[in-house]
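Biologist: Please walk me through how to read side-chain and helix geometry here. Start once the picture is up.

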Amino acid sequence: SEDIEVGRAYRCMGTILRDQGKLDDAIATLKRAAEVFKMTSGPDHFHVGDAYDNIGQVLRDQGKLEESLSMHRKSMEISKKVFGEGHMFLAWDYCNIGDVLWELGDFEEAVEFSSKSLTICDQQVDDSHALPKTLAKANRTMAKALQKDHKLDEALEKLELSLEKYSGIKGKTHLIDLARTYNALSSVLDELGRKQEAIEMEAKANAITNTPENDFIECW
């Protein structure tokens with residue numbers, strides 16, 4: 001319907017604003033999208049969950065981790081109701097929750113959610129458009145856990161896989177996550193004593209985060 005198209009337009013504009021680094025405007029626009037979708041399709045429609053997911057992403061960019069986690073959990077609950085277990089949308093929710101939980105210092109639960117995300121990914125027959133970005137983010141969280149356990153070679157393998165998956169994604173919205181993977185690689189390479197490579201990875205991350213249209217608050 002026309003109202004749903006209005007909601008989609010708000011969501012699209014919110015994504016563009018995020019790409020431009022206008023994070024407060026992005027959140028306001030995405031919240032408007034969520035409200036439109038709730039009015040037209042009901043509170044448990046997958047469009048509402050998608051809007052929550054996008055809001056969570058922007059809040060994560062701003063470092064508002066508790067608020068981000070709340071949005072991703074709301075998205076997860078809708079995905080469970082609409083799609084059930086085993087769907088890629090749920091895998092995406094799980095990996096986002098794992099990512100934020102790690103930043104909050106809840107390492108055990110972060111690994112739990114990231115592992116659940118990867119399990120769903122392993123069961124996919126078709127190469128869903130959500131599969132590469134989900135694999136990239138979930139593997140980065142698992143790499144952090146391996147690094148924390150001093151399993152640096154295994155952590156490096158996970159991060160190289162994360163980087164490979166991000167390289168195949170078009171557009172700009174994933175760039176901040178790509179920068180986070182570069183920074184994670186820098187950290188592991190530094191611990192491995194591969195100082196020059198670590199500096200190169202850090203420079204790649206900075207090239208993304210220091211670009212005006214990608215004016216995000218933090219990267220790692």
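Biologist: Is F107 buried, partly exposed or exposed?

Modeller: Buried means under 20% relative accessible area, exposed over 50%, and partly exposed in between (1.4 Å probe, protein chains only). F107 has a relative accessible area of 31% and is partly exposed. W102 has 10% and is buried.

Biologist: What should I know about the model itself?

Modeller: The model is predicted: local features need pLDDT of at least 70, side-chain atom pairs count only at pLDDT 80 or more, and totals for chains, interfaces and linings use all residues. Residues are numbered from 1 along each chain as its sequence is written, and side-chain values use heavy atoms, leaving out hydrogens and water.

Biologist: How is a ring pair described?

Modeller: By the distance of the centres and the angle of the planes. Rings of Phe, Tyr and Trp (its six-membered ring) pair if their centres lie within 6.5 Å; planes under 30 degrees apart are stacked, over 60 edge-to-face, the rest tilted. W102 and F107 form a tilted pair, 4.4 Å centre to centre with 50° between the planes. The whole structure has four aromatic pairs. Ring pairs also link F46, F83 and F89 into a cluster.

Biologist: At what angle do the axes of α7 and α9 cross?

Modeller: Axes are lines fitted to C-alpha atoms, for helices over the stretch in contact, with angles from 0 to 180 degrees between N-to-C directions. Helices are DSSP runs (H or I, at least four residues), numbered from the N terminus. Helix α7 (residues 131-148) and helix α9 (residues 175-191) cross at roughly 25°, their axes coming within 11 Å. The two are therefore roughly parallel to each other (angles under 35 degrees).

Notes
Angles under 35 degrees count as roughly parallel, over 145 as roughly antiparallel, 65 to 115 as roughly perpendicular and the rest as oblique.
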